[in-house]
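Hi,

Here is the structure I promised to pass on to you.

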Amino acid sequence: MMERKEKIDREISRRDFIRRLGYFAGGAAVLSSAPWLSSCSPDKIREVAGERARVALIGTGSRGMYHLHNLKLIPHAEVVALCDVYEPNLKQAVELFPAAKTYRDYHELLENSEIDGVIICTPLNMHAPITLDALSAGKHVFCEKAMALTLDQCKQVYDAYLNTDKALYFCMQRMYDEKYIKGIQMIRDGVIGDIVGMRCHWFRNADWRREVPSPELERQVNWRLYREYSAGLMTELACHQLEVCNWAAGKMPESITGMGDIVYWKDGREVYDAVNVIYRYSDGRRINYESLISNKFNGMEDQILGHAGTMDLTKGVYYLEEDNSRSGIETLISQVRDKVFASVPLAGPSWRPEVKGTAIPHSIIEGRVSVNGGQSMIGVDNDASDIILSAFCQSCITGEKAKDVVEEAYCSTVLCLLGNKAMDEGRTILFPEYYKIPYMKF
Amino acid sequence: MVCETKYYETEKMFHVYVPQIMGTRFDMLVIDVSREKSDRIWSGIACQIELYDKLLNRFDASSEVSAVNAAMSVGRHIIVCEEFAEVLRNVAEYHAATGGLFDITRRDFSALHLEGEELWCDNDGLDLDFGGYGKGAVLRQIKRILDENAVATAFVNFGNSSILAKGKHPAGDCWKVDLPSPYDGHRVSTFSLTDMSLSTSGNTPNYSSHICNPRTGKYVSGRLMTTVVCPDPLDAEVLSTVMMLVNDVTASVLRGNFPDAVMHRYVL
């Protein structure tokens, strides 16, 4: 009974999310900045009422389990099959869905005609092979980010998508996160003025390692550390953030330079633990990207810098260059916390929200905002992973593709991989012609 | 009412932010109070804010003042709620104490009549506006609740124009607040507040000529700003508006009627 109530609550919450974004009939405003939401409009949600997508999950590790817990709360999802090569992981998933069929070989799973769609949560090196096989087998596909381990694999997946009528999603959850969608809308509305640059970083203090039950499993369990399986910080972390930059800028950078090193975790790993990459657009604007996993002080931030303000999408707030309307109270809080006594500039004639230009609230959305501090390796509640997964299950029922999701995933993954290439080769590289797609504007 | 709350364990500091209420926003810091008690206090305060918003917010079509304004015409008798009647009686006292300068009708308060909860007017086109009253009334209730709960240290900012400072900054001997000019940002004055309220009125570049002189029917223009510091937040609220309308004579009368209030007028 509790679970059913929770399912209903979650569904109501999802509808509220879409309603809050102003997506009523037509929904021009929200669709202009997030066209992929057209496949999960309120009308479409009503369309799937009472129906259930039969889905299978491949890769029942920590991220897979995270999705499985979300699937339990999605009323239009039924988990019918589970697959993993690692028995302990498969076992924990079966405990959650005891009626699901189990597989060790995903090829066999894809032969099951009762499955509408597959959810891929494997190490990165398997994303493209399984995605391509699943599309060939006529399944709808939801794959964890990033799209693929190599540039050529990305191109293969993109080309396959052009030639299939199946829905393909990549778990770029920021695209379904209310504060990001509203924030991008506000950027398009000119709230922070012209975009003059972007600054993203992701700092953690953790070695990224998991406990290994026996030494021969080191590379499989700690796959993120080895280049055979992983492209490191760029595909694991930067991928989300670069997508946001492209989304905000509406174009792609044309040149890339960077430096990557193993600064602290010298434990046999092959991927960088410190990266700095600069992506330069044709007009000179830049994305400054930095990630370091031996210091967490700066946390995670996705900042879009405008000449009139800064949109801090991670925190769901923005700052205006000439607006001190609320900074007084924030200054006061900082003072109290730092035991500093000084005056705060907050007295004045009444602040009025209707007075444009001098009085814009700092919160992107009203109410409590879920902020991901970026420290979890698995995922956090309310980061919109459940919303994009729900949208996928809906597509499994309606057969409708989500507009631009694949294109956005392709663009950000390719930028991640080009970032690695620039760091590996120690030079500035230009965006290769071969990997350009019509969606990209330079 | 949408709000964000946060509790800082180390400092035992509770912060609540209401982005949109009574046409502005609201922040409150309560210090040296447990999380549970802060939540309880906030819950009582939130009820008061919502009550006054429901009574006095002209921008809410379902509020009591909107209903009264829509219904009021010469000779028509309206029954208002008990709380609204209480507010009207209080407003009448301020009207008298300010020599008629504080006037929620902005034209002719004497045309408004109240007996018990029955309200009528004998002048057409009267429109009640509690703009120079509502936030102060809420702050007075907040002060009462904080006192009843023995909260010694708190800072409440209602839209920048109405501030209640209880006790002192944890690292200082008062709460120190700057008053910047809305025109060029330069610091006009600094106030050191301890168990005091500060209210500011004035014109701004984007919101000028919004305070009406009931004696002349004209709106006050120019780069004028007023502040009032006094123990009672409602006195401060009313007086800061009235100070926009005074001349030397009426200012002197006000000082006599409100001896606890320190009043300033700035020409910017």
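**What I found**

Let's start with helix α14 of chain A, residues 405-425: its 21 residues reach 30 Å from the first C-alpha to the last, close to the 30 Å expected at 1.5 Å a residue. (Helices are DSSP runs of H or I with at least four residues, strands are runs of E with at least two, and both are numbered from the N terminus; the expected span is 1.5 Å times one less than the number of residues.)

Before going on, some ground rules: this is a predicted model, where local features need pLDDT of at least 70 and side-chain atom pairs count only at pLDDT 80 or more, while totals for chains, interfaces and linings use all residues. Residues are numbered from 1 along each chain as its sequence is written, chains are lettered from A and ligands numbered from 1 in the order in which they are written, and side-chain values use heavy atoms, leaving out hydrogens and water.

Back to α14(A): 18 of its 21 residues are buried (under 20% relative accessible area, with a 1.4 Å probe and protein chains only; exposed is over 50%, partly exposed in between). After the helix comes Gly426(A), with a positive phi near 60°. Thr413(A) sits in α14 and counts as buried, at 0% relative accessibility. Leaving out residues up to four places away in sequence, Thr413(A) touches Ala146(A), Met147(A), Ala148(A), Cys154(A) and Cys239(A) (contact means heavy atoms within 4.5 Å).

The largest nonpolar core has 130 residues, and Leu71(A) is among those with the most contacts inside it. (Such a core is a set of buried Ala, Val, Leu, Ile, Met, Phe, Trp, Tyr and Cys residues joined through side-chain atoms within 4.5 Å.) α14(A) gives the most to this core, with 12 residues. A second, separate core has 72 residues, including Phe102(B) and Val246(B).

Now chain B. Thr98(B) is in the loop between α3 and β5 and is buried, at 3% relative accessible area. Its C-alpha is 7.5 Å from that of Val242(B), although the two are 144 residues apart along the chain.

Which side chain of opposite charge is nearest to Asp235(B)? That is Arg140(B), 4.1 Å away, and the buried Asp235(B) has no salt bridge (a side-chain nitrogen of Lys or Arg within 4 Å of a carboxyl oxygen of Asp or Glu). Asp235(B) lies in helix α5 of chain B, and its side chain makes a polar contact with that of Tyr94(B), at 2.4 Å. (That is a pair of N or O atoms within 3.5 Å; within protein, one must be able to donate a hydrogen and the other to accept it, and residues adjacent in sequence count only if both atoms are side-chain atoms.)

Cheers

Terms used
Lys, Arg positive; Asp, Glu negative; His and termini not counted.
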